[in-house]
Amino acid sequence: MTRYKAIISYDGSGFYGYQVQPNTRTVQAEIEKALKKMHKGKSVRITASGRTDTGVHAKGQVIHFDSELDITAEKFQKALQVMTPFDISFLRVEEVADDFHARFGTVGKEYRYVVKRTKVFDPFSRNFALHYPYELNLAKMKLASERLIGEHDFTSFCSARTERDSKVRTLYSIDFYEEDDETLVIAFQGNGFLYNMVRILTGTLLDAGQGRISPEEITEALLARDRQKLISKTAPPQGLYLWRVDYE
């Protein structure tokens, strides 16, 4: 039995998220379907670094699985690329130690959120970015982001449906990239993220850029530990990308 690690990317537009669900198309289900064919009907379970929601994309999702097949990692990559749909890409497959774990071995992640600031709606980017035709003060957004850096209880910045007992996470950095006059990318790096956390942080920073929420109110929301105390809405999923997963 050999353990394999795969780095994959996918267009989340056509999936009901990563995790297997009954009667729906998911990333995990498509990959496990391909592995089952390769293993002549035997089910092979894959484990990911974390789940992504409906419509959320991945540039660098990491999975692992165990296999009894005597083939190279390179052949695994080629076979899986052919046997999975065109909205999934296997960037790399490699053999790893038996104790490697895609989820529990992570030490950090980076998510990016893409905002299209065009005045006119672009139908060709509707599945890959948030259309936001409003004025934004980037200096105010950066000032607001400073209140979020570091270790905090992010209860106010995650969904009420979050299952984790501890809501304490550490944000290492929040960076802003203006790729062109129309595209703003917000990059979040941290040791882990809660359910809807990045999308709520994004909504908060957009509100800050519009002057609807102040840095002081962000600090107050952190201390309140109550999602209802935060006025900002959850940004929609299509602009969100799981960009990178870090391991020791």
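These legends describe close-up views of a predicted model.

**Figure 1. Overall view of the protein, with 5 helices and 10 strands.** The radius of gyration is 19 Å, close to the 18 Å that the globule rule gives for 248 residues, so the protein is as compact as a globular protein of that length. Taken along the principal axes, the C-alpha atoms fill a box of roughly 60 × 40 × 30 Å. Of the 248 residues, 50% count as buried. A search of the whole structure finds 17 salt bridges, and some of these are shown in the views that follow.

**Figure 2. The salt bridge between Arg25 and Asp87.** The two side chains meet with a distance of 3.0 Å from N to O. Arg25 lies in the loop between β1 (2-10) and α1 (27-38), and Asp87 lies in the loop between α2 (73-83) and β4 (88-96), so the pair ties together parts that are 62 residues apart in sequence. Arg25 is partly exposed, with a relative accessible area of 27%. Asp87 has a relative accessible area of 18% and is buried, because buried means under 20%. Both residues belong to a network of salt bridges that also includes Glu30 and Lys33. In general, side chains of opposite charge can pair when their charged atoms come close.

**Figure 3. The salt bridge between Glu216 and Arg147.** The closest N and O atoms of this pair are 3.4 Å apart. Glu216 is in helix α5 (residues 215-224), while Arg147 is in the loop between α3 (138-146) and β7 (150-153), so the contact ties together parts that are 69 residues apart in sequence. Glu216 is partly exposed, with a relative accessible area of 43%. Arg147 is also partly exposed, with a value of 32%.

**Figure 4. The salt bridge between Arg244 and Asp246.** In this pair the closest N and O atoms are 2.9 Å apart. Arg244 is partly exposed, with a relative accessible area of 32%. Asp246 is partly exposed as well, at 26%.

**Figure 5. A negative surface patch formed by Glu179, Asp180, Asp181 and Glu182.** One of these residues, Asp181, is placed in the loop between β8 (168-178) and β9 (183-190). Asp181 has a relative accessible area of 79%, and it counts as exposed because the cut-off for exposed is over 50%.

**Figure 6. Asn23, a residue other than glycine with a positive phi.** Most residues other than glycine have a negative phi. The phi of Asn23 is near 60°. At 83% relative accessibility, Asn23 counts as exposed.

**Figure 7. Asn196, with a positive phi although it is not a glycine.** The phi of Asn196 is about 70°. Asn196 is found in the loop between β9 and α4. With a relative accessible area of 14%, Asn196 is buried.

**Figure 8. Phe65 in strand β3 (residues 57-67).** At 1% relative accessibility, Phe65 counts as buried. Phe65 and Lys5 are 60 residues apart in sequence. In space, their C-alpha atoms are 6.9 Å apart.

**Figure 9. Arg212 in the loop between α4 (197-209) and α5.** Arg212 is partly exposed, with a relative accessible area of 44%. The C-alpha atoms of Arg212 and Glu68 are separated by 56 Å. Along the chain, Arg212 and Glu68 are 144 residues apart.

Notes
Residues are numbered from 1 along each chain as its sequence is written. This is a predicted model: local features need pLDDT of at least 70, side-chain atom pairs count only at pLDDT 80 or more; totals for chains, interfaces and linings use all residues. Side-chain values use heavy atoms; hydrogens and water are left out. Patches are made of residues with over 30% relative accessible area and no salt bridge: like charges are joined within 9 Å, nonpolar side chains (Val, Leu, Ile, Met, Phe, Trp, Tyr) within 5 Å. Accessible areas come from the Shrake-Rupley method with a 1.4 Å probe; for residues, only the protein chains shown count as cover. A salt bridge is a side-chain nitrogen of Lys or Arg within 4 Å of a carboxyl oxygen of Asp or Glu. Lys and Arg count as positive and Asp and Glu as negative; His and the chain ends are not counted. The place of a charge is taken as NZ of Lys, CZ of Arg, CG of Asp or CD of Glu. Helices (H or I, at least four residues) and strands (E, at least two) are DSSP runs, numbered from the N terminus. Buried means under 20% relative accessible area, exposed over 50%, partly exposed in between (1.4 Å probe, protein chains only). The radius of gyration is taken over C-alpha atoms; the globule rule is 2.2 Å times the number of residues to the power 0.38.
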